[in-house]
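The sequence and the model come next, followed by notes on selected parts.

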Amino acid sequence: MRGVKSKPASDPPGPPDATNPPVGGLDQTSRVQTWAFPVGEEFKDVNLDSANEDADAITPVRPKVKPKPSTLDLRSSYGLGSENVNLDADYINAESSEITQGIHLDTALQMVTKTLDISDNPTENPYTFRAFLIGLGLSAFGAVLAEIFYFRPQTVGVSTTFLVIVSFCLFELTLLIPRTNFVGRFFNPGPFGLKEHVFAVVMASSAATSALGTEQLAVQALYYNQQPNPASAIFMLFSSQCIGYGFLTVMRRAFVYPTKFLWPSALPLATIFQSMHLQKDLAKKRLHIFWYATIAIAIWELVPQYMMPTTVGISVFCLANPNSEFFTYLFGGANGNEGMGFLSWCMDWTYITSSPFVLPLNTQVNQLIGYIGCVILTVAAYYGNVWNAKNFPFLAQALFTANGSVYDQSQIMGKNNEVDPVLLKEYGTPWYATSQALSLLVFNMGITAAIVHMLLWHWDDIKFVFEPFKLSSINRSLYSLVHPWGWNFWRRDPERYETYPGTECDPHFLAMRAYKDAPSWWYNALLIISVIIGLICCYQQETGLPWWAFLVAVGLGWVLTIPNAAMTGIVGFNYPPTSAIQMIGGYLVPRKPVANMMFTLYGSNSLSQAITMLADLKLAQYTKLPPRATFTAQMIGTCVGAILNWVTLNSIINNQREALLQVEPSTQWSGQNVQTYNAQAITWGGTSAEIFGWEGVYWAVPMGLMFGLFAPLPFFIGHRFWPKLRLDYFNTFIICTWLGWLSVGINSSLLAYFLYAFLSQFYLRKYHAVLFAKWNLTIAAAISGGVAIIAFILTFAVNGGAGQEHPFPVWWGNPGNGKNADHCKYMN
């Protein structure tokens, strides 16, 4: 393994004064970064290299005044003990970063300093030709792969860990290029560093996603026989993918800088990056364990993913009684849309994922409550024949007629793809499978529960976002516009943030003071350009969405990003409020399904993209990638990914059209996501008054938004009067969302998911904190890496990604098509 070669340090800055602010520099003697903390006299000249992985070590000079205890206690998120950061424990070896006994992982500050290294080398340059080349290559690769995965029976994203591994190997290959001439030195400038690596991966991960806009294009092609011209389609993808980035002018300061917003998904990635580049004993050990575990997981995944799918969900109940419908619906879950998967044992890490090792214990306890409730609610509703449940499949995403046949939407469409009320009355209104209708109801509850939860429990954390909308802030902005000095807004944006609320004593934030922040006007300009392009595409494609409704969608996305970003940053869980946005769009622009999809695209996707960018910025803070480099990488990756998403989508639709239209997916291709998106557009955008109105069958579904407003109140009020009951532990957003979690896909993994969660986040974290701090995030990253490697190989080698499938021979462990892998009774 090659590490980071230190470059000669620059002259340290002089004493801080009005012209030379204390933004940190390099000490010539130690050649490691040294910082002067801007929080009074609590800390002075902190050596971040010797601090290593723990905030408790950052006290070379003992404070004269006892530091104020950290207020960023996440006991409500992690369910653990002490409120204060222990600044006296001695459990880090400064030279090796070896973790010894006596550590505590009770607060956010402890978590990010005891599991991550805090050293930095500001002289590293991320802008090398090979970083751009590798980043662009992996962006193309990831975008194509993500679009293919989106049309699999169980949607699996391209793992960022996989991109970390591949990029690491590619960077290592560049070191083989001889540096004997200019060309050699251009492609191989020397040992590659951490920042170079992170820059390439952020670029690739920004591209390695299936843009929601491609889902809309797929619906238009499959159900409406519409295909916008290539330029319009690609520019629509550009604007819909970038518009959420423009929301981050203020939000990045509120949800990235403060320590409380951990962004748990970024922790294992930061661990692997550091393990690959830091020349310390623990980092080297972590890297070895990571490679061994990754290879082991990849080899094992050949069994459940190809040779023996029965291991995806082993149900002793179905093996004992393979002819029971009830057992299939309750205990089956190894196939898509089969059943609840209750008490099935899953041995496939593709579906278990690494989340049990990453998400806080509190998040997973609330998920467990919602999961149990979902099983009870769904089974009871079906056998209680709620909404004529027995006329339809137990789990399905398509629309049906009243007698259970697939709904033919062409029978109700008039001119310009608008729903004709006369034709609708003649053919009849569409019906959902009851499980799908219930999921919409509880998802709506979760949307408003999230908003109320954040207002009640975390108002102090999010109120800063609304500062620009205060009357005083608006007056200052207007005043600056009428004065010549106000026109040079790009010069007045602060380049560095010396201090910021919620970042006290956080060495990761303090290290980032060495770099210029991305100016706010970058984000504002991106937002304006994206809005203009989006409006043009709306009218050019004749979607029927008026300009004012488009702007409402963008504004709605901005508002809903606030509680969702805060929730994701703290508890690591998020579910986009798509159904609520579709409902609002349906009432604003009725009878127009295509317009509803466009409204949803710019309202929901902008939120998802904003959260993705916030997570990348937090990863950059942990790995010390400059903010401007992060912004550059994200923009390049997003634009490259949008183009290749569109190219891949057209190929899949042309070659797999019939498979994408089937109600029950095949083992290789599925249109379940497209079917759901289209069904929502027809119901919300075309027939909302008939089926969701007061006289409609599903009138309770939109009422879920109102029900959710009251869900957090009993817990909040109860906690104010009886705090010892710890009612603050319950998160009604997570509970409500998980009440509908099993309405789609393969559901056999949940028993294993929760058992591994309690093993990691409760048992190891509480009783074996040293093992947890050393290896937990490493194993989580290895799981993601191994799964991604084998998923890629199998997709193109045997699953038809290259054009031809090579199925494994049928045997007891691989029943084949027409049978459930777990040997439950086949119902559909």
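## Helix H30

Helix H30 covers residues 672–686; at 1.5 Å a residue, its 15 residues should span 21 Å, and the 20 Å between its end C-alpha atoms agrees with that. The expected span is 1.5 Å times one less than the number of residues. Of the 15 residues of H30, 14 are buried, so the helix is largely enclosed by the rest of the structure. Buried means under 20% relative accessible area, exposed means over 50%, and partly exposed lies in between (1.4 Å probe, protein chains only).

## Basis of the model

This is a predicted model, in which local features need pLDDT of at least 70 and side-chain atom pairs count only at pLDDT 80 or more, while totals for chains, interfaces and linings use all residues. Residues are numbered from 1 along each chain as its sequence is written, and side-chain values use heavy atoms, with hydrogens and water left out.

## The chain as a whole

The protein chain has 36 helices and 3 strands. Helices (H or I, at least four residues) and strands (E, at least two) are DSSP runs, numbered from the N terminus. Of its 828 residues, 59% count as buried. Among contacts between residues at least 6 apart in sequence, 78% join residues at least 24 apart; contact means heavy atoms within 4.5 Å.

## H28 and its two partners

The axes of H28 and H30 come within 8 Å and cross at roughly 110°. Axes are lines fitted to C-alpha atoms, for helices over the stretch in contact, and angles run from 0 to 180 degrees between N-to-C directions. The two helices are therefore roughly perpendicular to each other; angles under 35 degrees count as roughly parallel, over 145 as roughly antiparallel, 65 to 115 as roughly perpendicular and the rest as oblique. On the H28 side the contact is made by Pro593, Asn596, Met597, Thr600 and Leu601, and on the H30 side by Tyr677, Gln680, Ala681, Ile682, Trp684, Gly685 and Gly686. By class, this contact has 7 nonpolar, 5 polar and no charged residues. Ala, Val, Leu, Ile, Met, Phe, Trp, Tyr, Cys and Pro count as nonpolar, Asp, Glu, Lys and Arg as charged, and the others, Gly among them, as polar.

H28 (residues 593–623) also meets H10 (residues 248–255): their axes come within 10 Å and cross at roughly 50°. That angle makes H10 oblique to H28. Leu248, Met251, Arg252 and Phe255 of H10 touch Ala610, Met613, Leu614 and Leu617 of H28. The residues of this contact divide into 7 nonpolar, no polar and 1 charged.

## Valine 112

Valine 112 is found in helix H3 (residues 108–114) and counts as buried, at 1% relative accessibility. Leaving aside neighbours within four places in sequence, valine 112 is in contact with Thr259, Leu262, Leu267, His508 and Tyr622. Its C-alpha atom is separated by 9.8 Å from that of proline 264, 152 residues apart along the chain.

## Two positive phi angles

Most residues other than glycine have a negative phi. Leucine 343 has a positive phi, near 65°. Leucine 343 lies in the loop between helix H15 (325–331) and helix H16 (349–352) and is partly exposed, at 38% relative accessibility.

Glutamate 542 has a positive phi of about 55° although it is not a glycine. Its place is the loop between helix H25 (520–540) and helix H26 (547–571). Glutamate 542 is exposed, with a relative accessible area of 68%.
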